[in-house]
Amino acid sequence: MRSSSRPAATASSARERRRAVLALFVLAPVLGEVLGASLRLSYFLQPLRVAAIVCFYGAGVVLIREIAQRWRLSGWGIVLLGCAFALIEEGLALQTIFNPIGMDGEPVHGNALGVNWFWAVVVCGYHVVWSVLLPITVVHLVFPRSSRAPWLSRRSAAVLAVVFACGTALFVAISLLRSDFRLPLGHAAVTIVVAAGLVWASKRCRDNGRVAVAGRVPEPRRVALFGVVAGTVWFVLFLAAFIGGPISFVWWTIGALTFAAAVALVLRRWTRREWTPRHQLTLCFGTGLSAALFGLLLVALDGHLANIAFQCVVLGALIAAYIWMGRQLRSSAMAEG
């Protein structure tokens, strides 16, 4: 009986890993681009753009998650990999970190020495949270049994690396087609070195286990509210990168970095206490809700009715997914109890 049950358990585990990979591959571009209306319904008529987003985000985030598992990285390690991910997209591929005029013709506030410093901080923070951490955490909540194990074989990892490279190349093509800006070789070289340095530094952020400390975390509803407020503040900074104003971009940049550090310290303190999957879920919902509401604001200002309707559907799907996952967590807790 034992020998016959082992192959069945192994096959079941393999199926779960494949489902988890597919879920993360799909969810990464949805949470990273669709939720905040960077990819709107009308943009689906642009196959090059859609293909680039799916390949880059889907494959990239799955690879980040795989690297984190194989290197046994802590959350800080994943943050550093997320920053490298953002630099590859926004620095090397789309080049928005350096282009003083955005790809859609809008001026970026605070360019100095050929770098949009404030925008670089804001867009990297966005990708770390909404493009990388959020989808990985959600998929781990859906597939808790395989959340601590690698998912990819060497062959599948190599295939996803090729898909990621194709997504990067498509982003470069989009940048060349939509803008006259050409990235200087010096800036490109520095970006590559910094991205490689972030990957190297991430390997030093090992997960050695958490040491629980005394104290309780807030109720899940307050954690969700924290996610909404923190996310909303970040999206206000997102807009400030284009609106500008009388305040120097240096102060905006320092303010964004300080705010990010404060949020990280609060979360670090909470996660070392009685941090449960329910808290993770509500935090994900709060941060996701801030992006969905920001996306709804953007499409409303644009006035495209189809995009507005689509964004309302996205918002409704987010709420429905939160309710479903909450019920799944309660059922799992009851079964374990």
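Visitor: How far apart are the end C-alpha atoms of helix α7?
Guide: They are 35 Å apart. The expected span is 1.5 Å times one less than the number of residues. Helices here are DSSP runs of H or I with at least four residues, numbered from the N terminus.

Visitor: What should I know about the model itself?
Guide: This is a predicted model: local features need pLDDT of at least 70, side-chain atom pairs count only at pLDDT 80 or more, and totals for chains, interfaces and linings use all residues. Residues are numbered from 1 along each chain as its sequence is written, and side-chain values use heavy atoms, with hydrogens and water left out.

Visitor: Which residues of α7 are buried?
Guide: Among them are Pro220, Val223, Trp234, Phe235 and Phe238. Buried means under 20% relative accessible area, with a 1.4 Å probe and protein chains only.

Visitor: And what covers the buried residues of α7?
Guide: The cover includes α4 (117–142), α8 (249–271) and α9 (277–302).

Visitor: What follows α7?
Guide: Gly244 does, and its phi is positive, near 75°.

Visitor: Now the rings. How many aromatic pairs are there?
Guide: The count is 21. Rings of Phe, Tyr and Trp (its six-membered ring) pair if their centres lie within 6.5 Å; planes under 30 degrees apart are stacked, over 60 edge-to-face, and the rest tilted. Phe235 and Phe238 have ring centres 6.3 Å apart and planes at 55°, so that pair is tilted.

Visitor: How are Phe235 and Phe238 placed in helix α7?
Guide: They are three residues apart, so about one helical turn separates them. Phe235 is buried, at 4% relative accessible area. Phe238 is buried too, at 17%.

Visitor: What kind of pair do Phe235 and Phe294 form?
Guide: A stacked one, 4.5 Å centre to centre with 15° between the planes. Phe235 lies in helix α7 and Phe294 in helix α9, so the pair ties together parts 59 residues apart in sequence. Phe294 counts as buried, at 9% relative accessibility.

Visitor: Which residues do ring pairs link into a cluster?
Guide: Trp119, Tyr126, Trp130, Phe235, Phe238, Phe242 and Phe294.

Methods: Helix = DSSP H or I, 4+ residues; strand = E, 2+ residues; numbered from the N terminus. Buried < 20%, exposed > 50% of the residue type's maximum accessible area, 1.4 Å probe, protein only. Contact = heavy atoms within 4.5 Å.
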